[in-house]
Amino acid sequence: VFLEMFCLLIRADGKIDSEEVEFLKSIAKRYNVPNDAVAKIIKNANSINCQTEARKINNRSHALELLRELCMLANIDDDLHDFELDLLIQISRAMNIEDEKLILINRLVLDTIILEKTTNIVMEK
């Protein structure tokens, strides 16, 4: 379900950036999902109903983790599109996560990205 949500989000803005593909590959590797399974999910992304799939996640901790990863992916190209935001809201609501919590998670992700960039500058990386 996580990978399906990631694929939907990647395709939400109509373009697929290299950073998004790398993120998807790293997530698939982390969860030991074979490349052919990922390719199949990407190929069938248009037939995925995000709300139906998101409702399968009934563990709040897992839902929050999914939202954090989705926010990271949505912001990875430094451009959060309205389509991506709408999808995040739909997924969040389908998992019964409050809008305020989604806002906090996204703020945490943005702060994390800023901290990482600042660290790289200070440490001359």
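Author: Happy to! The place to look is one aromatic cluster formed by F2, F6, F23 and Y31. Please keep in mind that this is a predicted model. A pair of aromatic rings is described by the distance of the centres and the angle of the planes. With rings counted as paired if their centres lie within 6.5 Å, the count comes to 3 aromatic pairs.

Let's begin with F2 and Y31, whose ring centres are 6.2 Å apart with 65 degrees between the planes, an edge-to-face pair. F2 counts as buried because its relative accessibility is 18%, and the cut-off for buried is under 20%. Y31, at 41% relative accessibility, counts as partly exposed.

Now turn to F6 and F23. Their ring centres are 5.8 Å apart and their planes stand at 90 degrees, so this pair is edge-to-face. Here too, distant parts of the chain are linked, since F6 sits in helix α1 and F23 in helix α2, 17 residues apart. F6 has 0% relative accessibility and therefore counts as buried. F23 counts as buried as well, at 11% relative accessibility.

To put the picture together: F2, F6 and F23 are buried, Y31 is partly exposed, and these four residues form one aromatic cluster.

Notes. Residues are numbered from 1 along each chain as its sequence is written. This is a predicted model: local features need pLDDT of at least 70, side-chain atom pairs count only at pLDDT 80 or more; totals for chains, interfaces and linings use all residues. Side-chain values use heavy atoms; hydrogens and water are left out. Rings of Phe, Tyr and Trp (its six-membered ring) pair if their centres lie within 6.5 Å; planes under 30 degrees apart count as stacked, over 60 as edge-to-face and the rest as tilted. Buried means under 20% relative accessible area, exposed over 50%, partly exposed in between (1.4 Å probe, protein chains only). Helices (H or I, at least four residues) and strands (E, at least two) are DSSP runs, numbered from the N terminus.
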